[in-house]
Amino acid sequence: MKTQSSLFLLFLGFVMLGNSALYPEEDSTTFRLSNGLRVCLVEKNNVPLWNAVVGVNLGSKDETAETSGLTHILEHYILFRGTELRSGTEVSRDIRRHGAYFNAHTGEDLSLFEISVPAEKAAFALRNQKEILFNLKLDQAALDQEKEVILEEISHWEDKPQRYALALLYQNLFKGHPYENPIFGTKEVIQGITVEKVEQFYRRFFTPSNCSLAVVGDFDLNEMEEQVRTVFGEVTGDPMKKPTYTAAKPLEKSVDIAVEMDVNKAYLVIGALAPDHSNPDQYPVEVLTEILGRSINPMLYSALSGDRRLVETVNMAYYVHKYGGAAVIYLTLDPKNIGAAKREAISFLRKAKNQNFSPEDIYGEEKLRAFDFLGGAKNQIRGNAYRSQETGLLVASSLASFMLLTDGPMDTPYLESIDKVSSTDLREAAGKYFSRSEYVFISIIPKKKSQS
């Protein structure tokens, strides 16, 4: 089991970003069952594997102070605690017997349940996913056991500096918005959760009209559509009245938080609000992220290492959600350099709107020596996308997410949108999202040594 916090979305972003998905060139079809389930099938015969992902439009955004962590609990329970027809032990036994890979992820917007099996075991995998998701058997004793597992996970998570910093960043960057809710939930709420509360939550969200199914693999398209209609067409559930959320609002002022932890070096995480998944600005921001903090020679590292050697490492991520996005910079450094690193990083970001990103931005002899940051970033993004496209399970995750996050059809393929990004687009996006004064700074610093 993996929790799909924003940190894990970095990897999913190579497959699916914003309002686009990487549709493979293989034969595919999309349709909607009479019960409301959205389905996408992609015939991919290069590897004898069958991959499926069921997406549920349920994430930490749908929780309240009283239900914090219920999404994460349901993910655990569905994977490990059994159904009306089989116990959790029997489900696990059958999974192993069929040679399946089996996992789930929870995030701010969605929950994803995935399975990968040899192609000849597809019928089992379809029935298994339908059963564990829509025939759950809830029991207080089993729930209490799973709660202990989750409480232990939270304790381990709190010991991981960058993940802990990211959670704090979200709580402050999205203050007052549902995205501030922690993925793992809170210990106090989890300890008091009853099976009745989980049952109510489960019945509300796990209904076909609130779900999607993407299947990618070695199969005949027509035969697989017939199987999906037979297996999932029998699932019933009331149409869900989907809650509506407003877009995340910009910060009114910067937030600066320092936390002492048992670490040997410092971790600095800097965040700014970024475009949501339906905003066309997502494409230049994705390219900017590659140029500034993810490429072989990221601009931010050059600016912060230099003669002063303010940082040891630099990384940057752009996390896209339905109602907002976050541009996040991760730095490791000596604690004494935190103040200077903050100032230099923000100074650089605010000047990014004036940067030359391509030789086409420069005139005269200097053009011959200019590095093509724009072209390099596009090539890196394209390479990551093609590598991800080779993995059927990642493509299925992309498509299952896309069907739930996007209200209308895809207008332009992801890579085509990336290719259209110009240096002018980068400067405009940098001015719009990185030139403002409101940032969130989370510093994780070593504990002070006690005086003896």
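At what angle do the axes of helix α10 (residues 282-294) and helix α17 (residues 423-433) cross? They cross at roughly 90° and come within 9 Å.

This is a predicted model, where local features need pLDDT of at least 70, side-chain atom pairs count only at pLDDT 80 or more, and totals for chains, interfaces and linings use all residues. Residues are numbered from 1 along each chain as its sequence is written, and side-chain values use heavy atoms, without hydrogens and water.

**View 1. Helix α10 against helix α17.** The two helices are roughly perpendicular (65 to 115 degrees). Pro-284, Val-285, Val-287, Leu-288 and Ile-291 of α10 meet Asp-425, Leu-426, Ala-429, Ala-430 and Tyr-433 of α17 (contact: heavy atoms within 4.5 Å). The contact holds nine nonpolar residues, no polar and one charged.

**View 2. Helix α4 (residues 122-134) against helix α9 (residues 221-232).** Their axes lie 10 Å apart, at an angle of about 30°. α4 and α9 are therefore roughly parallel (under 35 degrees). The crossing is right-handed (near helix turned clockwise from the far one by less than a right angle). Contact residues include Leu-126, Arg-127 and Phe-134 of α4 and Met-224, Val-228 and Phe-232 of α9. By class, eight are nonpolar, two polar and two charged.

**View 3. The largest nonpolar core.** This core has 61 residues (buried nonpolar residues, under 20% relative accessible area with a 1.4 Å probe and protein chains only, joined through side-chain atoms within 4.5 Å). Among those with the most contacts inside it are Leu-41, Trp-50, Phe-206 and Met-224. Helix α4 gives the most, with seven residues. A second, separate core of 50 residues includes Leu-292, Val-320, Ile-338 and Leu-415.

How values were computed. Axes are lines fitted to C-alpha atoms, for helices over the stretch in contact, and angles run from 0 to 180 degrees between N-to-C directions. Helices (H or I, at least four residues) and strands (E, at least two) are DSSP runs, numbered from the N terminus. Angles under 35 degrees count as roughly parallel, over 145 as roughly antiparallel, 65 to 115 as roughly perpendicular and the rest as oblique. Ala, Val, Leu, Ile, Met, Phe, Trp, Tyr, Cys and Pro count as nonpolar, Asp, Glu, Lys and Arg as charged, and the others, Gly among them, as polar.
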